[in-house]
Amino acid sequence: MTTPRMRYERFDPFLDTHVQDVTRLFRGYVLEEFERTGKDPDGFPVATYLNTVIAYAANVPVALCSVDPTRKAVELLYVRPEVRRLGLGRHILTWVRDQCPGQMKVKPPVTPACAALSASLGIEVATVSDDERRRRHEHARRFEQLIRKRCRHKRRRTATRKVCPLCMRAYVEAMPERIVGQQVTAMRMVANYLPA
């Protein structure tokens with residue numbers, strides 16, 4: 001869908017500009033969520049199982065939306081701060097809902113703004129199963145242990161102390177390039193093995 005000022009492009013892992021744009025947008029999401037919660041955020045911007053759309057305004061990437069079509073769930077929605085409160089998130093979620101027949105849901109955790117937007121559009125926030133909650137907790141615990149183990153700061157490393165904030169920030173800042181890079185590599189490999 002294209003308007004004179006806004007256009008949407010489906011993510012193509014073979015276009016370097018798309019990879020760069022998604023990485024920049026995902027970095028904004030990750031850093032904002034880290035500042036808000038103090039944790040590394042959930043959600044992937046791209047993956048073999050996701051359909052991802054990049055929104056451009058005047059050729060500048062301003063928003064990102066990833067949808068899991070199998071589960072009919074929004075995995076991640078991010079709108080850059082300078083274009084928030086202009087209805088872009090609402091427009092994107094409405095467009096995504098129209099593209100996916102059936103009841104669309106938003107995967108938690110969601111920001112308070114996303115929860116309010118979803119509620120206003122009648123899109124439910126999906127429930128998290130005990131198994132999924134346990135997996136998330138285990139994933140976070142493993143990364144915290146790894147960060148503690150690799151910490152080179154003066155504080156004594158023990159299993160019970162909080163994660164070093166400097167090391168946690170360094171991990172979070174490196175995360176966007178690694179996650180997008182790994183997922184793009186996987187997507188390219190899968191595409192190369194598919195019949196033409």
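Two rings of Phe, Tyr or Trp count as an aromatic pair if their centres lie within 6.5 Å. The model shown in these views is predicted. The structure holds 2 aromatic pairs.

**View 1. Phenylalanine 26 and tyrosine 29 form a stacked aromatic pair.** Phenylalanine 26 is buried, with a relative accessible area of 1%. Tyrosine 29 is buried too, at 10%.

**View 2. Tyrosine 29 and tyrosine 78 form an edge-to-face aromatic pair.** Here the distance is 6.2 Å centre to centre, with 70° between the planes. Tyrosine 29 belongs to helix H1, while tyrosine 78 belongs to strand S4 (residues 73-79). The pair therefore ties together parts that are 49 residues apart in sequence. Is each tyrosine of this pair buried or exposed? Tyrosine 29 and tyrosine 78 are both buried.

**View 3. Three residues make one aromatic cluster.** Its members are Phe26, Tyr29 and Tyr78.

**View 4. Arginine 7 lies over the face of tyrosine 56.** How far is arginine 7 from the ring centre? The distance is 4.4 Å.

How values were computed:
Residues numbered from 1 in each chain as written. Predicted model: local features only at pLDDT ≥ 70, side-chain atom pairs only at ≥ 80, totals over all residues. Heavy atoms only, no water. Phe/Tyr/Trp six-rings, centres within 6.5 Å; stacked < 30°, edge-to-face > 60°. Buried < 20%, exposed > 50% of the residue type's maximum accessible area, 1.4 Å probe, protein only. Helix = DSSP H or I, 4+ residues; strand = E, 2+ residues; numbered from the N terminus. Lys NZ or Arg CZ within 6 Å of the ring centre and 35° of its normal.
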